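Follow the links between them, one pair at a time.

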Amino acid sequence: MYCFMRSFHFRIPCVALLVVAATQLFAADFSVQLNLQSAQSLPVGTPIQFQAVATPPDPAVAYRFTVRQGSEIAVLRDFEAGSNGLFSWVPMQEGAWDVEVTAKNPAGATAGSTVSYRAAALASTQPVVSSVAGNTMLAIYSVPPCNGAAVRVAFYPVSNPANITYTPSRACNGKSLSFLIAGMTAATPYALRHEAISTTGTTSSPLLNFTTGAKPSGIPGTTAAQAPSASTSSQDKVIFQEVLVPAACRATSLDGSLLWYYNAGANGSVHYCLRPVTGGTFLMLPSYPVPQTVLREVDLAGNLIRETNVARINEQLAAQNKPVITGIHHDASRLPNGHTAMVVSRERRVNGANWLGDGIVVVDRNFQVVWTWDSFEKIGTATANPPGDTCAFSLAPGCPPYSGTSPAVDWTHANSVTLSADGNLLLSIRHLDLVVKIRYANGSGNGDVLWKLGANGDLPLTNPSVAAYPFHSHPHDATQVGDRVILYDNGNTRLAQAAGNSRGQVYILNEEAKTSTLELNADLGLRALALGSAQRLTNGNYTFGSGPNTSTHTEFTPAPLPAGTLNYKATIPEMLYRSYRMQDMYTVSGSAGTNHTGLRFVPVTPCRLVDTRAAYAGTRSGSFGPPTLAAGSTRTIPIPSSTTCTVPPTAKAYVLNLTLDTFENQTGPVDFVTLWPAGETMPEHYTARTSTGGYIANAAIVKAGAAGAINVYASNAVNIAIDINGYFTDDIATPGLLYYPMAPCRAVDTRGPLYSSLPPPYGNQRMTAREARAFRLPGSPACQIPAAAAYSVQLTLAPGELTNGSPVAFITAYPTGVAQPNASIMNALSGYVVANSAIIPASANGSIDVFTQDPTNLIIDVNGYFAPDDGTGRGLYYFPTAQCRLMNTFDPSFGSPFGPPLMSAGVDRTLPVPTSRCTSLPATARAWALNASVVPNGVSVPYLSLWPSGSPWPNVSQLNAFQGQTLANSSIVPAAANGSIDIRVAGPTHVQLEVSGYFAK
């Protein structure tokens, strides 16, 4: 049995209830006693009070508080002095907990004590909904123990059932699960239900009713000064407002209705909010005990998730021989792996003056230091400082804490740190008028500055004539999305020289050529000499938050260039630090997403989207039907418009199978056919190719382009068929699946005992003509495969025992129990061995059917499976990238090991994929979506294998070219911890390897 710990994202064993008593952990002259000041068992969501008492007493004693279920432990509040040993915690998961305190006195002596506590379930057999104490616009919805894979809650106003919101799903664990319900308007009746998600579908509970309380007094209204238009990003329908004066965090709808608020008091009071985190938490700097000395994460009810402080960070930095910090200021952002990057302040004497610089500290999931960066070391104080930028005293408005003489030179004044898609950090440095990219390399980088964007930078503009002062000055809140950098241009340096307003800017970068192009230079209609935010939205628009006394939140379409078109404006009669758009209170939009922007998989029964052959087109017409693709032609296929397959417009990438047919019109060899997103430049990428003609199939994961469409280019005349097996989406309303990689394993091999010792039906039983055989993959004795909703597999047809045999017209695979679809996976008309990859949906028990038109042997290698998030953090999201060729043994410019010489038979080569010429490939990737081509020039290549570096060759193959033919095949390939893979071929051949995306946390 397992309990799910909501705040910490891991699955942990339940433990028996212990008697409520304090247990001394260390015997010494210094000791501590932890006392529970509440009842020993209270319902989930109830605040619990603890008091730690150190002996001998000393106000300088620092206390660390942790919680534990079973062997897993999580730090809630790290060592902090001055709290008098008081601690309050709100458990959101039922069950037995151990709450531990570790006390440390000024001499460094430590002592510990533990108290056990049980959080009582709110729901046992029926769901329960109740309000949250102190905030009647929030609710707690508790689900009784569920038997499926996962569960989530759906809620909507009774008057508008179409306006539905979903909480994130959570894995069922044999206990009740409680969800915070946020994003509801005041004094409004709502209907709520929970949905159990399993491999066979989703089932819903009966509806419960909940009416929110009245809007609190004293919160001014947001006004839609320019109403949303058809061009406004309707999916990003929530404005998260970080109110600076008076300090608070709020959220409104686009029409101005209040949806959520957090006005903390006493020791939890807000200094300023930072960023919302996807999943339903947010980062903030509290004013207690001293502003800008504590980083805290809380949930939507303000309950503590985790916290650290300057003193504790400095302890760890000193142990690593790193310079200490004086404060935490301006920004902290959540990284995809759950770590958090924060902007910190440092000071140094420079030429007799006290200079304030900045740094970056990255902490892990328990807020423990794992990486650090220092502006004094990596930028150097020779960099000019604009005049007048000083801090009159420590914690002056906009200034960090410091201990040296006043006034201090406010040298850098960084205000945002964010992660780029290639795993490096972007830092906005206001007083240097620069945005810099720092080599972070997902935690393994040395912190070198890769480039500087600005008038004094090293990325000159290709279009400087767009404005009299085109570059930004005193920038705010810079993020990088692909090749674009988005920022708020306060414009102080520029505006000191000329009239004008603050601007919202977007730069297109060519990092290889070291140039920048200004794409958007939007006049924001006011002078905001401080504060501000910038964000790319889901639909490609950009939004900018301005923060003077009356703040604005504007959205621009990036056309006409470079001014853009204003299509939404809200006014807020308060001073905002920043404002960000969210899809709902659990999902941060676009570039402001502080967690990940990965996609989840949704399987569909295989369906034929496109068939250009007249005899087989059926009702398909236009882009989806005849005629044959002409040589050198491109066709755009608007996949969501298909009338034969149902694909929603929220799909962000498609799982496709492309079949080339040169028989129908007697066309010959095809050098290549390429699939890529509509609206993008055609990549150097060969999706399928055949030097011998005939039928050839290859799978592909293709990112959705403009309006969800993809392009198809054919180098030679050819007919094509395209089948879809599923799609990837970030739509929270769609119960998607995550990918769980496995070491590649051969689950099925129907050949005789010379090749396989598997029993029937998995082995030693050749498939017969027109047979549909069920393979329950979790039942294969060769592999440890769980029941799942879909499997990532490599299928190989061996019509003969090894080489030639009788032709096989086609095979298809689909979930056991459904009708055989009109779709195919591959064809082997030559009678030779042929392979193809596929993501195959499965039945509830993990079973798939494989139908073959003709007798053949079948091999199935499994490299992973797709299932709901199990709460362990092992599941991976899909991140589509620009399709890119990362290996080409023909081309010396690729360099070793990605270039020449050609691959030799049986000689392994290690490919550190993140170091290839393809950008945006992080070392944190745990699997790659790859396409491999062999060009053996007539020499037989019985197999090509790809597998994680450091693991033994798994005796599986991704591609077979027995006839020495040019051939392409795709596969999902699990990677080593650093993103590396190994490659082996069974015959000398040139290899071209292309990437279209990766799987990561």
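The torsion about the S-S bond of Cys391 and Cys399 is about -95°, so this disulfide is left-handed. The two sulfur atoms sit 2.1 Å apart. A disulfide here is a pair of cysteine sulfur atoms within 2.5 Å. Both Cys391 and Cys399 are buried. Buried means under 20% relative accessible area, with exposed over 50% and partly exposed in between (1.4 Å probe, protein chains only).

A word on the basis. This is a predicted model, in which local features need pLDDT of at least 70, side-chain atom pairs count only at pLDDT 80 or more, and totals for chains, interfaces and linings use all residues. Residues are numbered from 1 along each chain as its sequence is written, and side-chain values use heavy atoms, with hydrogens and water left out.

How many disulfides does a search of the whole structure find? The count is six. Among them is the link from Cys745 to Cys783, with an S to S distance of 1.9 Å. Its torsion about the S-S bond is -95°, and the link is left-handed. Cys745 lies in strand S57 (residues 738-749) and Cys783 in the loop between strand S58 (771-776) and strand S59 (790-798), so the pair ties together parts 38 residues apart in sequence. Strands (E, at least two residues) are DSSP runs, numbered from the N terminus. Cys745 and Cys783 are both buried.

Cys884 and Cys918 are also joined by a disulfide, S to S 2.0 Å. This link is left-handed, with -90° about the S-S bond. Cys884 is in strand S65 (residues 877-888). Cys918 is in the loop between strand S66 (909-911) and strand S67 (927-935). The pair links distant parts of the chain, 34 residues apart. Cys884 is buried, as is Cys918.

Methods:
Helices (H or I, at least four residues) and strands (E, at least two) are DSSP runs, numbered from the N terminus.
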